Amino acid sequence: MAAVRDEAGGAEDRFRSQVGVVGLVGTGVIGRGWAVRALSRGWEVVATDPAPGAGEELVAFVERVWPASMALGQHPDARPDRVQFVGTVEEVAARADLVVESVPEREHLKREVAAQIDAATPSDVLICSSSSGLLPSRLQAGLRHPGRYLIAHPFNPVYLLPLVELCGGRLTNPGALETAGSIYRDLGMHPLVIRNEVEGYLSDRLQEALWREALWLVNDGVATTEELDEAIIYGPGLRWAAMGTMLTFHLAGGEGGMRHMLEQFGPALELPWTALVAPPLTDRLIEAVVEGVEQQAGGRSVRELERLRDQYLISVMRALRPHNLGAGRVLADREAIRLAAGAKTWHPGSEVEAPLELYRCGVEPDWVDYNGHMTESAYLAAFGWASDALFRYVGIDEQYRAEGHSFYTVETHIHYRREASVHQDLFFTTQLLGVDQKRLHIFHTMFDADRNRLSSTEQMLLHVDTQAGCAAPIRSEPARALAEIARAHQTLPVPPEVGARMTLDRQG
């Protein structure tokens, strides 16, 4: 794309790359998201929007989502109050080092606003539209300085999702795209430059294809909206999180990769599996797809990519588990079934082991760090499962928690003795140190398969009425079981780690 000349003369090839103030024109869902993204980077925001109450809504939105934005890491200069709402585009233009337009997706409106911004903003300030699919060549037509105009299409929520599609028009200066890429990387985003101007850009075209197919399936009575969402949530959506469509299908071809996948499943493109018409599977298309995924693979074999895929899928599903959503909920149900199936349970009059041996597991791939050893958080997770096994032993299960009662950990001390490595077998012993009406004091020890002691933890837990939000007496059956365990464990020696504290001996 050759450098263009504006009506005033010189070539537009230098644009402000250092941003201190972002100007926002339009503060709807996307504009507000840009505000939080910029503020979290430590930049100031000056914004305008003609809608009644828009300024108050912007401030309220920033306050509401600020904790989520900060969860990704806080810039030293980040402040939620560095936002000013003004009445006109001209006031925004007077202060901004970058102007972001996020008005409704109507071409005539965007062209009018672009012209207004262009007339009021210095020629070295980039103008970026948040359009979801309009052609930048049409939006920049008639501007006095069209070379600095481009599309910067984000994804909601803008303050969390990193993708921003950069698309220039016929009159956009290549330097504008380069500078924009640098700016958005500084914002903690992944700028994806659209090489050829096309309606909908890349991501929305893919989303639109899926959306249209979904509407047809609902229209034809084939599936409900919930069934269609489940078809994505529990399957391809998890894979897309890190590999996308192309690399995922490359693995679907087995050792033969994408080429074998196209040979095997290519004929299915002729079948009525979708309302969309597929392009002819020509040799040129096959070679383009095969060459593309091989470049993506970067020399890694299908088996290497399979291992990587399996590891990140486990990580994604485990990340969803605390939220009880999608595959995370399925994983939680699976864990409950697995633990219940192998769980020992206390019955009145049954013999109590001293100490208890209730839980075994292996070191999972996502439990290890770059040294190949279990991380601190993984030790805590493993000991948490050992505590869960104890709870199940005394009758504290899903039903007990659903009725509004549970144990909350209030203090934990972990001691590390030896490293644990991936796939290593672990087993745990549990000693009950004390119990009263509301408190439980326990000690877990972690061993490897050769009974080498790897780690231990001392924990104090408090029984809670989760509906009332306060400590409450342990219910009768678990209390009885814990009392029996305490009697069986009272003659066990107290581990030397119990009550220990960290200190440095001071020399006089």
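**View 1. R32 lies over the face of F61, 5.1 Å from the ring centre.** We count a charge as sitting over a ring if NZ of Lys or CZ of Arg is within 6 Å of the ring centre and within 35 degrees of the ring normal. Please keep in mind that this is a predicted model, where local features need pLDDT of at least 70, side-chain atom pairs count only at pLDDT 80 or more, and totals for chains, interfaces and linings use all residues. Residues are numbered from 1 along each chain as its sequence is written, and side-chain values use heavy atoms, with hydrogens and water left out.

**View 2. Y379 and Y416 form one of the seven aromatic pairs in the structure.** Rings of Phe, Tyr and Trp (its six-membered ring) pair if their centres lie within 6.5 Å; planes under 30 degrees apart count as stacked, over 60 as edge-to-face and the rest as tilted. Here the ring centres are 4.9 Å apart and the planes stand at 80 degrees, so the pair is edge-to-face. Y379 belongs to helix α15 (residues 376–393) and Y416 to strand β10 (residues 405–416), so the contact ties together parts that are 37 residues apart in sequence. Helices (H or I, at least four residues) and strands (E, at least two) are DSSP runs, numbered from the N terminus. Y379 is buried at 4% relative accessibility, whereas Y416 is partly exposed at 43%. Buried means under 20% relative accessible area, exposed over 50%, and partly exposed in between (1.4 Å probe, protein chains only).

**View 3. F427 and F447 make a stacked aromatic pair.** Their centres are 5.1 Å apart, with 15 degrees between the planes. F427 sits in strand β11 (residues 425–435) and F447 in strand β12 (residues 439–448), so this pair links parts that are 20 residues apart in sequence. Both F427 and F447 are buried. Look also for R451, whose charged end sits over the ring of F447, 5.7 Å from its centre.

**View 4. Helix α15 is largely enclosed by the rest of the structure.** Of its 18 residues, 13 are buried. From first C-alpha to last, α15 reaches 26 Å, close to the 26 Å expected at 1.5 Å a residue; the expected span is 1.5 Å times one less than the number of residues. Just after α15, G395 takes a positive phi of about 100 degrees.

**View 5. Y359, F383 and F428 form one aromatic cluster.**
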